[in-house]
Each structure stands twice: as structure tokens, then as C-alpha cells.
Amino acid sequence: MALDAEKGARHYIFDSSVLSAQTSIPAQFVWPEDERVRSVDELDAPVIDLRSFFSTDAAATRAAADAIRAACTSHGFFQVVNHGVDASLCRDALHCAAEFFRLPLVAKLRAQQRPGSLWGYSGAHANRFAAKLPWKECVSFHSDASAVDYLASTLGNDFQPMGLVCERYSEAMKKLTLSIMELLGVSLGLERERRYYREFFEDMEYIMRCNYYPPCPEPDLAQGTGPHRDPVAVTILAQDDDVEGLEVFAEGTWRSIRPIPGALVVNIGDTFMALSNGIYKSCLHRAVVNRVHERRSIAFFVCPRGDKVVRAPEELVGPGHGPREYPDFTWAELVGFTQSRHRVDQKTLQCFVHHLQSTPDSSA
Ligand SMILES: C=C1C[C@]23C[C@H]1CC[C@H]2[C@]1(C)CCC[C@@](C)(C(=O)O)[C@H]1[C@@H]3C(=O)O
Ligand SMILES: O=C(O)CCC(=O)C(=O)O
Ligand SMILES: [Fe+2]
């Protein structure tokens, strides 16, 4: 651990290979007791086979939509298989991420996330937060610019192949996102031809974030990613298939998620909760760590184009659904709120709405 002297900044830099080898963890990594209650059981969530949806089989699509609706009105979590993303592309992306995190700390710091940016490398978010640090490292890419250029300019041309894999992976995820959006619309009772959500996300933005959770000497005190709801619309997550860590809060308890080889996880986020007029629940989840195994995941965070107004379709408002639950907002406002005012947690959307309603004319 060292104090970063750059421009007098007073944040710590952690080297996970050093931390993992110690017998106890620094105090900044210890989470409050109520946020680390253990999981009791596995979550029984639907695994949706997208093959039937792609083949427009009406009965199978109805069954898939019903299972999604049941999951999303309750906890906001399901998985998809036969999703059309090449298994080798997912493997390559997880592999590139693994190679990146194995670099010496000085190299990773060349790609370090700058204040106010969602791009680049972050170790434990120690440059942003002083306590409840997550036991993880991340590297993120954003739809605003090319991952190839970012990696080549920060780490050198040897990292172009990793950039290319990230770009191919993001393209595949964007395509899958549009199918998931169409299916979410059907599951909410909209006609398949209506395509409200699919069209809304045609010009989506995204953040691709590779997470690395090193082994932790005191896993019961720490969190890999603390309890939160993703502020985005949906998150599509690929994960190592031999190490558990993801947990979802459902029916009053934390439930573990057993990785299914080849499956991708789908979480409903705050923005989709607003887009469904509160019918679908933003998934409360976290990632726990363990003493022995490292774990990797890649989150593909789906966001609307920054300036688009987030608003549930008329069909989901009024008779049979209740009044409009959320004020209009843009993703640019919500993301600004999470970076400058409110560390993402389980109440982000609630606090954001309160903020909008108490300062109606100011941007977040
Ligand atoms: C808008 C965002 C904030 C976070 C990155 C994107 C999408 C998800 C958010 C996050 C990953 C949710 C968990 C907590 C968080 C702090 C993290 O661990 O990285 C969140 C991101 C962030 O605020 O940078
Ligand atoms: O790594 C995981 O399993 C979950 C990560 C997560 O929730 C996030 O990055 O938002
Ligand atoms: Fe998350």
C-alpha cells in the first residue's frame, strides 16, 4: 500500500498481489456487519433458452416471456443460454481480462481511471472512496471511444489484440441486448411488433467492465462488489464458470448463483425499472469473495443514449398499472448523479428521484 503523491492526491494505491498474501485485510476493506450477512441458499431463477425466441416460435416465446415476467416482478434476475454469442468470444474476453490483471501494478496504473471518468483501470476504487472499499480491480471501456486506441495509447501496441477482443465482444453484446429488449417488451405485455424497448436502445451507450476478485485472507469481512442495484438499464454478465461469487437478494435473503457454463446473467437495473413504470424490479445483488480462488466477470452495462428521455410507454401507465411512477430523466443525469453525488448502492434510484424532485431545474 502506498500513498499516491501525484498532484497531492490523498488516496491509497493497493497492490492486490501483496494484499492477497497477507493474513488480514486493511480496515478500509471491512464492510459493516449488516451488509455482509451470509447467503442461505441458491436462487432458483429461470434459465431462458433464446433459440426459440430467435426462431419466432410463438408458444416457446410466450413461455420464456412468462418466466422472465415472474423473475423480473420479483427479484430482477435471470440467465440466458443459446444466446448467439460465441463461447470462444466469451472465453477470449475473460482470458484477455485475466492477462491484463496479471500485469504488474505499475503497468496497470498507466491505464488508470481518471477522476470523473468511467474509463480505464481502477484498484479497489481507492481513488474515489475512503471506506467500504471493494476487494476487486476493474478495467472499463465505454462506447464513446475505441478500446483498441485506449489500450494501445496507454499500454502500447501489444495490447491492440485485447482491444480488438473487447470491441468484438461489445458488438456481440449490443446485438444480444436488442433481442433481450424485444423479449422484455413482450414479457411486459407489449406486442412483439411494438418493439418499444428494442427501438429505444438501437443507439445505446454501454460500459464494458472487466472485474477481477483476488483471493481474500478475510472473506467474511470484505465484499468484492458491495450490495447494489445497477443504475443502468440492464447488465449482461459473463463469469468464470468454476468459481461462485455473485449473489442476489430475493424473498428476504441473499441467494448464491451457481455459474452455468455457457450462460450469461441478465440483471434488471434502475433505468429499466423506470422504463417499465416500476413493474420490473431493479436486481439487488453483490459479489462475495473467497480465501482460495480468484474470480473474474465481465459486466456489459447497457445504457440509453445519454440525452434520451427515460419514460415508460403509455401502455404501462394508467388503468391496470397505476400512475406514472418516475419523473422523466436522462441517463446523462443519472450517471452524473452516481459519479458526483451518490455512491451506487441499493437506494440510488430513490435518492436520484428525490434529488430531481427537490431541484427541478438543475441538472444532476
Ligand atoms: C454508472 C455506473 C456506476 C458504476 C459503473 C457504471 C455501471 C454500474 C456501477 C457500479 C459497477 C455498481 C456497483 C458499484 C460501483 C461503485 C462499482 O463497484 O464499480 C458502480 C460503478 C461506479 O460508480 O463506478
Ligand atoms: O462480478 C459479479 O459477479 C458482479 C459484478 C457487479 O455486480 C457489477 O460490476 O456491477
Ligand atoms: Fe452490479
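# Notebook: strands, ligand shells and a core

Entry 1. I began with strand 5, which pairs with strand 13 (residues 264-268) in the antiparallel sense over four bridges. This is a predicted model. For one position in that pairing, I noted that Q79 stands opposite V265 in strand 13. I then looked for a pairing with strand 4. Strand 4 (residues 47-49) and strand 5 (residues 77-81) are parallel and share three bridges. Here D49 stands opposite V81 in strand 5. I wrote down the general point as well: strands of a sheet pair through backbone hydrogen bonds, either parallel or antiparallel.

Entry 2. In what order do the strands of the open sheet of five strands come? I read the order as 3-12-11-14-9, and the pairing is mixed. Strand 3 (41-42) and strand 9 (225-228) are at the edges; each has a single partner strand, so one side of each has no neighbour in the sheet.

Strand 3 and strand 12 run parallel and are joined by two bridges. D41 stands opposite R255 in strand 12. The pairing of strand 11 (residues 246-250) with strand 12 (residues 253-256) is antiparallel, over four bridges. Another pair I noted there is F249 with W254 of strand 12.

**Entry 3. The turn at E251.** Strand 11 and strand 12 form a hairpin with two residues between the strands. E251 is in the loop between these two strands. Its phi is near 45°, a positive value in a residue other than glycine. I marked this because most residues other than glycine have a negative phi. Is E251 buried or exposed? E251 counts as exposed, because it has 9 C-beta neighbours inside 10 Å and the limit for exposed is 12 or fewer.

Entry 4. I looked up another positive phi, that of R195, which is near 50°. R195 sits in the loop between helix 7 and helix 8 (196-200). R195 has 16 other C-beta atoms within 10 Å, so R195 is partly exposed.

Next I went to V37, in the loop between helix 1 (16-20) and strand 3. V37 is exposed, because 11 other C-beta atoms lie within 10 Å. I also checked V37 against P217: they are 180 residues apart in sequence, and their C-alpha atoms are 18 Å apart in space.

**Entry 5. The annotated span.** UniProt, in an unreviewed entry, lists residues 204-304 as "domain: Fe2OG dioxygenase". I looked at this span in the model.

**Entry 6. The largest nonpolar core.** This core has 103 residues. Which of them touch the most other members? I found I68, V234, L264, I298, F300, V302 and C303. Helix 7 (residues 160-187) gives the largest share of the core, 10 residues.

I took I298 for a closer look. Apart from its neighbours within four places in sequence, I298 is in contact with A93, L94, A97, M208, C210, L237 and A238.

**Entry 7. The shell around ligand 1.** The residues around ligand 1 are L118, P134, I207, T225, H228, D230, P231, V232, F301, V335, T338 and V344. Strand 9 and helix 10 (331-340) are the elements that give two or more residues to this shell. By type, I sorted the shell around ligand 1 into eight nonpolar, three polar and one charged.

**Entry 8. The shell around ligand 2.** Around ligand 2 I listed R209, N211, T225, D230, L237, Q239, G245, L246, H285, A287, S297 and A299. Which strands each supply at least two residues of this shell? They are strand 8 (205-213), strand 10 (234-239), strand 14 (285-287) and strand 15 (295-303). By type, the shell around ligand 2 divides into four nonpolar, six polar and two charged residues.

Setting the two lists side by side, I found T225 and D230 in the shell around ligand 1 and again in the shell around ligand 2.

Key. Residues numbered from 1 in each chain as written. Chains lettered and ligands numbered in written order. Predicted model: local features only at pLDDT ≥ 70, side-chain atom pairs only at ≥ 80, totals over all residues. Pairing = 2+ DSSP bridges. UniProt positions renumbered as here; feature names shortened; annotations may be inferred. Core = buried A, V, L, I, M, F, W, Y, C linked by C-beta atoms within 7 Å. Buried ≥ 20, exposed ≤ 12 C-beta atoms within 10 Å, placed from the backbone. Contact = placed C-beta atoms within 7 Å. Near = placed C-beta within 6 Å. Nonpolar A, V, L, I, M, F, W, Y, C, P; charged D, E, K, R; others polar.
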